[in-house]
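Here is a walk through one predicted model.

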Amino acid sequence: MTGIGPVEPVNSPDAQETYEVIGADTPRLTDRWRALSPRVRRAVLGTTALAVAAAGVIALPPAKPSAPTGTLDPMPWPANVTTFRYTGLAATFASEPTSGMYRFAVTVHSGPPVTLRVTGAAFDGLTARISPTETSTVSAGTTRRITVQISVVDCAGLPLDAGMPSLDVTLRNARAIQRHSFIFGGTYPHDLSELLHKACGPVPARPSRRATGSANSQNVDGG
Amino acid sequence: MRQRSLIALTATLAAGALTLSACGSRDDKGDSDSGSGGTTVTIGVDAPLTGDLSALGLGIKNSVDLAAKQANEKKYVDGITFKIEALDDQAQPSSGQQNATKLVADKAVLGVVGPLNSSVAESMQKVFDDAKLVEVSPANTNPALTQGTDWNGGTKTRPYKSYFRTATTDAIQGPFAAQYVFNDSKKKKVFVIDDKKTYGAGLAATFTEEFKKLGGSVVGTQHIDPETKDFSAIATQVKSSGADVVYYGGEYPQAGPLSKQIKAAGAKIPVVGGDGIYSADFIKLAGASATGDLATSVGAPVEELPSAKEFVANYKAAGYKEAYEAYGGYSYDSAWAIIEAVKKVVEDNDGKLPDDARAKVTEAMQNVSFEGVTGKVSFDEYGDATNKQLTVYAVENGAWSPVKSGTYTG
């Protein structure tokens, strides 16, 4: 009984995808040190030596051996600090839509920034992506509004009633990359079902129940 | 280069030493199990401490015990010492009701953690509610307990204001499993089996409803008798039904043999269940052929939550013989919610328990909010946990391995 996951370590050699490394552009400690003047370096070294000595004195009285360690991991896994909230349709549907624009508010509660990518919308016949850019990065303590374009690419096997649909996402922070599903009640199932009905429902004028098109296209194959 | 490395090392050591000193000062607060004197408050525990489900029940009891001990060590509520009173319900509603009556009669009891089984909870709720004694279950998942029997008909009504839970419900767990089985595992024909109990039948129903909505077909249904372990007749029916997956609403003592016998009958298809089968004992009972079986469980695995590391370390240090199992973290959080509510009541009453302490604790529970072992602990208007995370596990190499996690957003 281990693990929440599936989890891959950041920059895993097994990772199929190349990810931008969060914080990679930040100067390293040694680079920053090199940039300091010799005088500043001496001052820092002196202060550090004093701090070491003082800390050594303070730390000398040993912690009680029986006391279990209680340090919290400062770097949480992204799925545990990220919440999604559906806020409504970004636009009304066209008369015969093959896609819809859905708005979500994404909050990251703590830890390093989380980069998210929407990878699916529960069903094989749907594709989903953040629009206009495919990824969005949210810093701790902030909420970012994103628009997700959900497109119908194949009506075969798609239910018209979405039930309790999920949005499949990849969440990535400096700790891990996690595939996670956010499952929505409230109005999202209704709004998604509206797209499914309009795109795949038994409309008399529609010659085929099968819609085709790509995630980036509003066009329906006339059929 | 070497010099720069030395400087970096020095800086790291300095930071480490400062961290150590900070930890040392924090430890100064609590150095014994002894309570802070004054009034003793009892936290009741009701769970199956004997019988087939005792592994889960003992994990609940130990985790509550740990919470009480730590509250005492930290002198978390000034003037209050916590102790626990654990009663065995043997997973039987009638025993649960007797235990509820016994706990109500003990005036020192200001809150109860438990039970494990939803059917047992049904028999206890009214007893506790009449006495305004708060109950926090770490494991009940039947939606009706908090949202009323017509929860799925569009009318949610909270039956008892004294009942809370830290686990999420089958209203989410069943559909979550159905979505995974249909969309990810690509299974379209299910044979649904349940044990006719509140939890098992309810979970099977929420799974079935969602699975059918998604376009899947139910090729057979059956109920088992939880008192037997011979499921060969049902296994044969499963084999002949053409099902490509079995969903079982129930618990591991029956699910393990059921899975084994289904495979032995020639149906090499996965058995899927809820948190009731998410136990190492399921794998022991089901044997090697259980590989590929699936379970959903409430929340994220305790071992992997940053917030749970302290709990895991403290549980280990406390030397309990039994594992904390699936509900340990939720039990600790349930107990701690009671401790937080007691703290609030005492602080609001000039440091003493008021005469109507039970009613006040129940009232305070509604607004409890803290960072617990399983994440943020708080309750919605029905008494349900606001933390609604779920995980799908698969049996791989003789152990449960997580394959997908999800969070419900209402």
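Begin in chain B with helix α8, residues 232-241. Four of its residues, B:I234, B:A235, B:Q237 and B:V238, are buried. An α-helix has 3.6 residues a turn, so residues three or four places apart point the same way.

Now turn to the other side of α8(B). There B:S232 and B:A233 are exposed.

In chain B, 5 strands form an open sheet with parallel pairing, in the order β2-β1-β3-β4-β5. The edges belong to β2 (80-88) and β5 (163-165) of chain B. Each edge strand has a single partner, so one side of each lacks a neighbour in the sheet. From one strand to the next, the twist averages 25°.

Strand β4 of chain B, residues 134-137, runs parallel to β5(B), and 3 bridges join them. B:E135 has B:Y163 in β5(B) as its bridge partner. A helix packs on the sheet as well: α13 of chain B, residues 357-365, touches β3 (109-113), β4 and β5 of that chain. The direction of α13(B) makes about 45° with that of β3(B).

Then the core. The largest nonpolar core holds 160 residues. Those with the most contacts inside it are B:V246, B:A335, B:A341 and B:V342. Which helix gives the largest share of this core? That is α12 of chain B, residues 328-347, with 11 residues. Take B:V342 as an example. Leaving aside residues up to four places away in sequence, B:V342 touches B:V41, B:V77, B:I80, B:L110 and B:V361.

Finish with chain A. Chain A has 3 helices and 9 strands. From the N terminus on, its elements run β-α-α-β-β-β-β-β-β-β-β-α. Of its 223 residues, 31% count as buried. Consider the contacts in chain A between residues at least 6 apart in sequence: 70% of them join residues at least 24 apart.

Key:
Residues numbered from 1 in each chain as written. Chains lettered and ligands numbered in written order. Predicted model: local features only at pLDDT ≥ 70, side-chain atom pairs only at ≥ 80, totals over all residues. Core = buried A, V, L, I, M, F, W, Y, C linked by C-beta atoms within 7 Å. Buried ≥ 20, exposed ≤ 12 C-beta atoms within 10 Å, placed from the backbone. Helix = DSSP H or I, 4+ residues; strand = E, 2+ residues; numbered from the N terminus. Contact = placed C-beta atoms within 7 Å. Pairing = 2+ DSSP bridges. Axes fitted to C-alpha atoms, helices over the stretch in contact; angles between N-to-C directions.
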